[in-house]
2 protein chains.
Amino acid sequence: MLVADIDTPAMLIDAAALDENIATMAEALPGARLRPHVKAHKCTGLARRQAAAGHRGFTCATIRECEGMVAAGLGEDLLLANEVLDARRLGNLVAAGARVTLAVDSAETIDAAVAGGVPEVVIDVNVGLPRCGCSPQDAGRLADLARGHGLSVRGVMGYEGHVVGLPDATERAEQCKIAMEMLVAAHADVGGELVSAGGTGTYALNTWANEIQAGSYALMDTAYGCLGLPFRQSAFVLATVVSRSDGWAVGNAGLKAFGMDHGNPELTDGTVLFCSDEHVTFMPPRSVGELAWLVPAHIDPTMALHERVYLFSGDTVVDVWPIDLRGW
Amino acid sequence: MLVADIDTPAMLIDAAALDENIATMAEALPGARLRPHVKAHKCTGLARRQAAAGHRGFTCATIRECEGMVAAGLGEDLLLANEVLDARRLGNLVAAGARVTLAVDSAETIDAAVAGGVPEVVIDVNVGLPRCGCSPQDAGRLADLARGHGLSVRGVMGYEGHVVGLPDATERAEQCKIAMEMLVAAHADVGGELVSAGGTGTYALNTWANEIQAGSYALMDTAYGCLGLPFRQSAFVLATVVSRSDGWAVGNAGLKAFGMDHGNPELTDGTVLFCSDEHVTFMPPRSVGELAWLVPAHIDPTMALHERVYLFSGDTVVDVWPIDLRGW
């Protein structure tokens with residue numbers, strides 16, 4: 001199958017760029033030093049490539065992602081880096097032989113792990129992003145509480161999500177240090193082998209965590225593309241021009257094909273004016289039937305909108321992967 | 001099943017509000033005066049309610065939407081209000097007995113209708129939104145071209161998408177008039193029974209079109225909620241608080257549960273600070289396990305992210321509809 005024969009709109013991955021990104025990361029953070037985050041791609045086909053590069057543990061954001069990874073035979077060591085109040089579906093995975101470690105940050109989430117039959121947890125520590133996680137000072141108490149309930153506490157996690165996208169690398173490094181010193185302090189109180197943190201923006205700076213939860217590096221997006229990282233864009237949304245006017249052309253990919261929280265996608269060879277539900281209007285105009293290659297502003301929610309992704313090399317489709325970890 | 005037993009995040013519809021919205025619209029635009037746009041909900045269960053209210057023709061934005069509507073027995077008169085370059089899947093629907101009318105705005109899209117076996121078209125006219133559609137002056141020529149190729153030209157369509165969201169009702173009415181006078185002029189050159197246009201923001205103002213393509217009115221969102229229309233919010237994303245801190249709480253619905261092109265969702269009883277992939281951080285804090293009801297900023301891409309929608313009355317789930325028109 002040729003790229004030109006793909007029904008558009010469609011999600012595509014440049015196979016060579018993907019392989020290069022995975023290899024670059026595996027060299028920087030080999031084996032267990034990286035726990036790739038599957039929320040960035042939601043695709044077990046891609047996770048399998050990451051596993052082949054030596055990363056056997058994965059990070060998930062949803063129960064469905066854990067279930068899909070186990071179903072794909074990739075459930076050797078999954079960290080659900082998120083709080084849940086009903087862990088029974090995770091307990092089913094554990095009962096079936098998978099290893100699932102759950103983030104907890106409260107008595108309620110510890111109770112959920114116990115009730116759901118998930119024996120291993122990490123203490124989720126807030127390191128500056130106003131989201132989940134206990135205060136660093138409270139981590140030791142929660143670890144004791146968890147152990148008192150019979151749980152095994154594998155360590156701490158703390159995502160410096162307020163840092164990973166900072167455009168200035170020096171500031172990113174400084175803020176990463178501040179965040180990770182909080183996590184290291186919490187770890188001293190908690191114990192366990194895991195200090196899990198980081199993302200694509202801090203993978204090379206974060207020397208405090210012993211495993212990095214990066215995900216976007218494999219596919220990239222315009223947000224991470226600004227940071228001067230050694231990863232190149234591998235994911236694109238392919239659109240076909242369906243209408244042409246004097247000043248613009250319209251491609252058949254819109255708000256239902258792109259995560260829009262970071263703004264419009266970028267056209268590789270033109271300027272996007274705006275997106276509608278099923279359209280992208282861009283300049284300069286080009287002929288009806290021509291293709292338009294668009295780079296998502298934020299890869300994670302973009303992947304969540306597509307059923308499958310076409311892996312291509314040159315003008316040829318070399319594989320089609322279902323985006324099989326969508327939903328909850 | 002109770003609302004409290006729904007796995008979150010989840011898409012919910014208040015059954016009474018939905019019925020009310022559908023009834024209000026059916027009274028204003030009875031029967032064929034409304035051609036409900038299914039892109040706003042992507043759900044044949046909901047379309048069936050619209051059909052029961054008397055609307056037998058529907059507007060679609062994608063081929064998949066047409067296919068799903070036909071499969072649901074709602075293919076009596078579908079208008080694909082969008083240009084396509086490969087109409088063969090639509091031709092299959094026509095061959096199977098459905099009525100599908102396709103928008104065309106160029107020689108290429110006319111050729112696609114012919115090649116695909118779609119015998120009926122409308123001429124899509126640009127009435128001011130920089131997107132698809134021919135110039136009003138070119139509509140007659142395209143209609144002649146289409147007829148010359150053996151197609152039946154049912155009339156014109158022209159979406160005043162640049163007008164439907166204008167906050168000032170007077171300006172909306174004035175701009176609607178300007179746009180529709182272009183469409184009426186084009187119709188004079190094209191002929192045919194259809195003058196199709198309009199949306200939820202102009203349904204009551206647009207007296208030039210003889211059918212209105214409104215969709216959002218059934219579910220509504222914060223963008224249309226500002227316009228003083230006689231429709232109330234019926235769609236919500238339900239989240240569960242999974243983490244609580246001193247200044248905020250975190251619900252388990254984020255960028256993968258909301259179309260974000262119009263900004264953050266609104267919390268019915270609090271303030272959203274920001275969304276992450278699977279989280280919404282909001283104030284004031286509330287306890288872990290409590291529910292949070294969120295109103296999407298833009299309903300169309302929000303529905304496209306969910307597999308199903310729960311119809312509820314009070315605290316009880318009365319139906320579950322698959323959101324079965326997603327994808328392409």
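Modeller: Keep in mind that this is a predicted model.

Biologist: Which residues of helix α2 of chain A are buried, and what makes a residue count as buried?
Modeller: The cut-off is 20 or more other C-beta atoms within 10 Å of the residue's own. In α2 (residues 44-52) of chain A, A:T44, A:L46, A:A47, A:R49 and A:Q50 are the buried ones. Their cover includes α1 (15-28), β2, α3 (63-71) and β16 (316-322) of chain A.

Biologist: How do you know that β6 and β7 of chain A are joined?
Modeller: Two strands pair if there are at least two bridges between them. Strand β6 (residues 152-157) and strand β7 (residues 194-197) of chain A have 3 bridges and run parallel, so they count as paired. Across from A:M157 stands A:S196 in β7 of chain A.

Biologist: What makes β2 and β8 of chain A edge strands?
Modeller: The open sheet has 7 strands with parallel pairing, in the order β2-β3-β4-β5-β6-β7-β8 of chain A. Both β2 (57-60) and β8 (211-212) of chain A pair on one side only. Helix α7 (residues 169-190) lies across β5 (120-124), β6 and β7 of chain A, at about 165° to β6.

Biologist: Why speak of a two-fold axis?
Modeller: Because chain B superposes on chain A by a rotation of 180° with 0.0 Å of shift along the axis (RMSD 0.0 Å), which is the relation of a two-fold axis. In chain B, the C-alpha of B:M260 is nearest the axis, 2.8 Å from it.

Terms used: Residues are numbered from 1 along each chain as its sequence is written. Chains are lettered from A and ligands numbered from 1 in the order in which they are written. This is a predicted model: local features need pLDDT of at least 70, side-chain atom pairs count only at pLDDT 80 or more; totals for chains, interfaces and linings use all residues. Helices (H or I, at least four residues) and strands (E, at least two) are DSSP runs, numbered from the N terminus. Two residues are in contact if their C-beta atoms, placed from the backbone, lie within 7 Å. Axes are lines fitted to C-alpha atoms, for helices over the stretch in contact, and angles run from 0 to 180 degrees between N-to-C directions. Copies are superposed by least squares on the C-alpha atoms of residues with pLDDT of at least 70 in both. A residue is buried if 20 or more other C-beta atoms lie within 10 Å of its own, exposed if 12 or fewer, and partly exposed in between; C-beta atoms are placed from the backbone.
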